[in-house]
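Notebook open, structure loaded. I want to jot down what I looked up, one item at a time.

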Amino acid sequence: MRFTDSPVIDLTVNGAKLSFHQDNGSMHVGTTVWPCSLVLVKFAERWLTSTSTTTDNPYATLLDFHNKRAVELGTGCGVAAMGLYLLGLKEVVLTDIAPVMPALKHNLKRNKPVLGKMLKTAQLHWTNSDQIKALKPPFDFVIAADVVYIEESVGPLLAAMEAMVSDTGVVLLGYQVRSPEAHLLFWEQCNRIFDVEKVPHEHLHLEYAYEESDVYVLRKNFYTDVLLLLRKVQIERKCGLVYCAGNKIWEVGNIVNGSYSCIKGKKETVSDLWGEGESCNIDVPDAQDRNAGSQCNNIEIICN
Ligand SMILES: C[S@@+](CC[C@H](N)C(=O)[O-])C[C@H]1O[C@@H](n2cnc3c(N)ncnc32)[C@H](O)[C@@H]1O
């Protein structure tokens, strides 16, 4: 682990060197670079630059950043967002509370030559729904690193994540236990909204596997339910193409030798993809049901 408390933190990503000024003496935690953000970036780098083939890279689909939009919540000095941008994101908005913005903008300017442009920033307090709406969600990725440390902020943080990430999107979370109360509340509430996948420690970057830092992948659980059901139907019917549709298509997948893979992401309308052959039509619970914590028991699949 190359985390130090020196004022300057360097991070090499994909051969490019990012460099961050931090102010450990400030009263705002966001002016310090926290290890979770380094661990998250280097985890992604490890698997994106991996020489293993797509079949034995478990993160090949997850970390497909091509043409993807992201937002980072509680970005601080901006390490995670800048690092993941260098790994291929098309666009990323870095957000934090007002007092942290000067440190963030300073570090963005400092890294502009490496990034190639000034990335977008926005002031965003997790309780402020107007600030959330102004960013025009949903995003393909919500990035967050070391943001769970105040019990009162857990609810607003999770609500912001849910509002920001698309139905098929992913929250990439760098995590460290900071407060036992916030920790317990976060995971209790998180599991109602998201399916949680913890990255095994041995999958982190070998030089950036800090004992207390973890990486989690969160996906909206109603969407995962739909996919699981869809895969089951598809496997039982041994069909090829599968269309997963509610009011809009979420995913088109294919099955080859018993294993499923998504071949086309979310589409806005069904008409251009709803062709001949096997198709599944899925009614999903409406947003109100989802917010009430529905586990999608009422999904119907009508096979034509
Ligand atoms: C421990 S720092 C982590 C900073 C950065 N992600 C990193 O890993 O280096 C937590 C960050 O969350 C931000 N934060 C805390 N509460 C927030 C809230 N209610 N709304 C927006 N940001 C918040 C802080 O300002 C700070 O930047």
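I started with helix H2. Eight of its eight residues are buried, so H2 is largely enclosed by the rest of the structure. I counted a residue as buried if 20 or more other C-beta atoms, placed from the backbone, lie within 10 Å of its own. Helices here are DSSP runs of H or I with at least four residues, strands are E runs of at least two, and both are numbered from the N terminus. The buried set in H2 is Val79, Ala80, Ala81, Met82, Gly83, Leu84, Tyr85 and Leu86. Just after H2, I noted that Gly88 takes a positive phi of about 125 degrees.

Ground rules, before I go on. Residues are numbered from 1 along each chain as its sequence is written. This is a predicted model, with local features needing pLDDT of at least 70 and side-chain atom pairs counting only at pLDDT 80 or more, while totals for chains, interfaces and linings use all residues.

Next, the ligand. I found 23 residues around it, the closest being Gly30, Trp34, Ser37, Gly74 and Gly76; a residue is near a molecule if its C-beta atom, placed from the backbone, lies within 6 Å of it. H2 (79–86) and helix H1 (35–48) each supply at least two residues of this shell. By type, the shell has 13 nonpolar, eight polar and two charged residues.

I read an open sheet of seven strands with mixed pairing, in the order E5-E4-E3-E6-E7-E9-E8; a pair needs at least two DSSP bridges. E5 (120–123) and E8 (194–198) are at the edges with a single partner strand each, so one side of each has no neighbour in the sheet. E8 and E9 (214–220) run antiparallel and are joined by five bridges. One I checked: Glu197 has Val217 in E9 as its bridge partner.

H1 lies across E6 (139–145), E7 (165–175) and E9, at about 125 degrees to E7. Axes are lines fitted to C-alpha atoms, for helices over the stretch in contact, and angles run from 0 to 180 degrees between N-to-C directions. Contact means C-beta atoms, placed from the backbone, within 7 Å.

Last, confidence. The chain averages a pLDDT (the predictor's confidence in each residue, from 0 to 100) of 80, and 70% of the residues score at least 70.

Note on methods:
Ala, Val, Leu, Ile, Met, Phe, Trp, Tyr, Cys and Pro count as nonpolar, Asp, Glu, Lys and Arg as charged, and the others, Gly among them, as polar. Two residues are in contact if their C-beta atoms, placed from the backbone, lie within 7 Å. A residue is buried if 20 or more other C-beta atoms lie within 10 Å of its own, exposed if 12 or fewer, and partly exposed in between; C-beta atoms are placed from the backbone.
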